[in-house]
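Please examine the sequence and the structure displayed below before reading on. The report that follows is meant to be read beside them.

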Amino acid sequence: MSATAAPRMNSTYTGIPNGKLGMWVFLASEVMLFGALLSSYVVLAMGSPNFGRPDPALLGKPLATVNTFVLLASSGAMVMALSSIQRGLVAGLLKWLAVASGLGLTFISIKAFEYQHKIEAGIRLSDNVFGSFYFTLTGLHLLHLAGGILFNGYIAWRAVEGRYSAGHHERVEYAGLYWHFVDLIWVVLFPLLYLV
Amino acid sequence: MVPHGNLPSTQTYLKVFVGLGILTAVNVGLSYLPVSYQTGLGGMALIVTIQSGLIAHFLLHLRGENRVVSYAMMAALFLTVSLLGTLIPDVGIFHR
């Protein structure tokens with residue numbers, strides 16, 4: 001398909017393109033997945049005598065704060081990526097996708113460093129309730145972020161093939177929705193795990 | 001897709017990201033104050049709710065989205081809050 005191809009939108013019963021509705025239903029299921037884990041975390045943190053929350057100094061609050069800003073910046077890059085293709089700028093799309101993915105990789109690298117530090121400090125997956133939740137929640141979030149980077153790679157590959165234009169870029173928007181959602185999850189996880 | 005005319009301007013996005021950054025900084029600052037776990041959780045919940053609202057409203061474009069999408073997300077959120085609501089009474093059992 002040429003870069004100037006017309007939109008290929010088919011009308012649907014809901015008025016929402018099927019791909020977009022599918023993404024939203026997926027995100028709704030993710031709300032329930034993370035919601036169930038977070039609900040359990042809050043209840044056990046408030047009530048379990050074996051919760052074992054470590055000393056705040058061991059949690060690495062400054063590094064996690066930096067990571068939060070890294071992820072917020074990556075969301076900004078995704079906004080710019082979508083904005084670029086809405087103006088028909090494929091090169092801009094590719095550039096901002098690379099920036100967003102690079103920041104995502106930075107987040108993962110910092111988290112890997114944090115994991116190593118935490119394990120050395122005695123915060124482990126099987127040691128207590130906090131450790132189990134910490135590695136499960138952040139690990140699940142990392143997997144989602146890695147998925148987002150792969151999704152961005154797929155979008156970039158299709159963009160290089162000339163599949164997107166100012167009038168046809170639905171999948172770029174879906175990738176943006178997913179990325180911002182992963183950002184949203186971290187905005188909730190960060191204070192719960194590091195600040196309270 | 002949200003019509004392009006309904007998307008916020010770059011300046012609006014900039015304000016949203018500055019807002020998110022400030023709220024994150026405030027949240028981190030509050031965590032250094034000597035308050036109880038419950039009080040800290042309350043303050044944090046308020047800030048996180050505002051941040052989540054900003055992301056959902058502006059970045060996920062829920063404000064201009066079809067109502068079907070809003071209903072789907074509200075249903076998921078309702079089920080999650082219901083789960084939390086049914087688990088909260090169990091908090092005391094650990095100490096009985």
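## Basis of the description

This is a predicted model, in which local features need pLDDT of at least 70 and side-chain atom pairs count only at pLDDT 80 or more, while totals for chains, interfaces and linings use all residues. Residues are numbered from 1 along each chain as its sequence is written, chains are lettered from A and ligands numbered from 1 in the order in which they are written, and side-chain values use heavy atoms, with hydrogens and water left out.

## The two chains

Chain A contains five helices and zero strands; here helices (H or I, at least four residues) and strands (E, at least two) are DSSP runs, numbered from the N terminus. Read from that terminus, the order of elements in chain A is α-α-α-α-α. Along the principal axes, the C-alpha atoms of chain A occupy a box of roughly 60 × 35 × 20 Å. Chain B has three helices and zero strands, in the order α-α-α.

Of the 196 residues of chain A, 54% are buried, a term that means under 20% relative accessible area, with exposed meaning over 50% and partly exposed lying in between (1.4 Å probe, protein chains only). In chain B, which has 96 residues, 34% are buried. The accessible surface of chain A is about 7800 Å², and 67% of it belongs to carbon and sulfur atoms. Chain B exposes about 5600 Å², with 71% supplied by carbon and sulfur atoms. These areas come from the Shrake-Rupley method with a 1.4 Å probe; for residues, only the protein chains shown count as cover.

Contact means heavy atoms within 4.5 Å. Among contacts in chain A with a separation of 6 or more, 78% join residues 24 or more positions apart. In chain B, 69% of the contacts between residues at least 6 apart in sequence join residues at least 24 apart.

The confidence of the predictor in each residue is given as pLDDT, from 0 to 100. Chain A averages a pLDDT of 92, and 95% of the residues score at least 70. Over residues 1-6 of chain A, however, pLDDT stays under 50, and the model has eleven contacts beyond four places in sequence for this stretch. Where pLDDT is low, the predicted coordinates should not be read in detail.

## Pockets and cavity

On a 1 Å grid over the protein atoms alone, a cavity is a set of points where a 1.4 Å probe fits but cannot get out, and a pocket is an open set with protein on both sides within 12 Å along at least five of seven lines; lining residues have an atom within 4 Å of a point. Grid points are joined across faces, edges and corners, and a volume is the space filled by probe spheres set on the points.

| Space | Volume | Largest contributor to the lining |
|---|---|---|
| Largest pocket | about 960 Å³ | α2(B), nine residues |
| Second largest pocket | about 330 Å³ | α2(B), five residues |
| Largest cavity | about 30 Å³ | α5(A), three residues |

Which residues lie nearest the centre of the largest pocket? They are Val188(A), Val48(B), Ser52(B), Leu77(B) and Thr80(B), out of 29 lining residues. At least two lining residues each come from α1 (18-47) and α5 (170-195) of chain A and from α2 (37-59) and α3 (67-87) of chain B. By class, this lining has 21 nonpolar, eight polar and no charged residues. In this scheme Ala, Val, Leu, Ile, Met, Phe, Trp, Tyr, Cys and Pro count as nonpolar, Asp, Glu, Lys and Arg as charged, and the others, Gly among them, as polar.

The second largest pocket is lined by 19 residues, and those nearest its centre are Leu195(A), Val196(A), Ser31(B), Val35(B) and Gly40(B). Its lining comprises eleven nonpolar, six polar and two charged residues.

The structure holds one cavity of 30 Å³ or more. Its lining consists of Thr68(A), Val187(A), Phe190(A), Pro191(A), Thr24(B), Asn27(B) and Gln51(B).

## Two individual residues

Leu189(A) belongs to helix α5 of chain A. Leu189(A) counts as buried because its relative accessibility is 0%. Beyond its neighbours within four places in sequence, Leu189(A) is in contact with Leu38(A), Leu137(A) and His141(A).

His61(B) lies in the loop between α2 and α3 of chain B. Most residues other than glycine have a negative phi. His61(B), which is not a glycine, has a positive phi of about 60°. With a relative accessibility of 7%, His61(B) is buried.
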